Amino acid sequence: MWILSLETSTDLGSCALWHDGQVVERICPAGRPHSETLLPLVRELLAEAGIGVAGLAGIAFGVGPGAFTGLRVACGAAQGLAVAADLPLLPVTSLETLAAASGAGRVLALLDARMGEVYAGRYRRTGDDEWRLDGEIRVAAPADVELPLDEGWLACGNAPAAYPALAARLEAAGLAVQPALPMAATVARLAALRAARGEGIDPALAAPLYVRDKVAKTVAERLSEGGRA
């Protein structure tokens, strides 16, 4: 089984090709928009493997939360490829990806949401590459991020480095911090299990997970000020 994965929820974009437990990953060049570099890397991966899009079992993508533009790039590229080849899509959240890559059993995943906020989600490992979200994914100011009350949690992501006040809160609570960004290789690994269970979705149903409604507000704000959407 072959799974292609795309992850562009942060400045570090990537794509990966999973085949029966083996993963090959490519990183988008720095300093250039993911919209320019992602698909050429995908074509390179497929060509090296000697497989076409039609030979895939599904296409996974980082659904979010993350950078709004980046989420749209991965979702749009995944949809375009999947529709053309009649393939299912496998959305994977950026925070679960962080948790799965951490190697820990209980993870507080923290991603910089920009605008002085943090995306946060608590995950517990329930099996090999199987994770359960405790509660829901939230966006909050660094001072308002809910920290676990029990011991044994690892904080993982790029938000602690972006917000010293959050890093200080984590240190005071006794949580170790692991800097990380979501990567396509981990997305592919998580998606492969879901593909094997037939959990893919129709490409028409795919949409980025924004968590907050700032995208809609931005459009409304522009219109109210006499600008264009």
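**View 1. Strand 4 sits under cover in this predicted model**. Strand 4 is mostly covered, with 7 of its 7 residues buried; here buried means under 20% relative accessible area, exposed over 50% and partly exposed in between, using a 1.4 Å probe and protein chains only. Helices (H or I, at least four residues) and strands (E, at least two) are DSSP runs, numbered from the N terminus. Before moving on, a word on the model: it is predicted, so local features need pLDDT of at least 70 and side-chain atom pairs count only at pLDDT 80 or more, while totals for chains, interfaces and linings use all residues. Residues are numbered from 1 along each chain as its sequence is written, and side-chain values use heavy atoms, with hydrogens and water left out.

**View 2. Strand 4 has partners in strand 1 and strand 5**. Two strands pair if DSSP finds at least two bridges between them. Strand 1 and strand 4 are parallel and share 4 bridges, and Leu-6 stands opposite Phe-61 of strand 4. Strand 5 also runs parallel to strand 4, joined to it by 5 bridges; look for Gly-64, whose bridge partner in strand 5 is Thr-93.

View 3. The antiparallel pair of strand 1 (residues 2-7) and strand 2 (residues 14-19) has 6 bridges, and Leu-4 finds its bridge partner in Leu-17 of strand 2.

**View 4. Helix 3 is largely enclosed**. Because 8 of its 9 residues are buried, helix 3 is largely enclosed by the rest of the structure. Among the buried residues are Leu-95, Leu-98 and Ser-102.

**View 5. The largest pocket has a volume of about 500 Å³**. On a 1 Å grid over the protein atoms alone, a pocket is an open set of points where a 1.4 Å probe fits, with protein on both sides within 12 Å along at least five of seven lines; lining residues have an atom within 4 Å of a point. Grid points are joined across faces, edges and corners, and the volume is the space filled by probe spheres set on the points. Of the 29 lining residues, Ser-9, Thr-10, Asp-11, Ala-67 and Arg-114 are the closest to the centre. Helix 1, helix 2 (68-85) and strand 6 (106-114) each supply at least two lining residues.

**View 6. The second largest pocket has a volume of about 180 Å³**. Its lining includes Leu-108, Arg-122, Asp-134 and Glu-146. Strand 7 (117-127) and strand 8 (130-140) each supply at least two lining residues, and the largest share, 5 residues, comes from strand 8.
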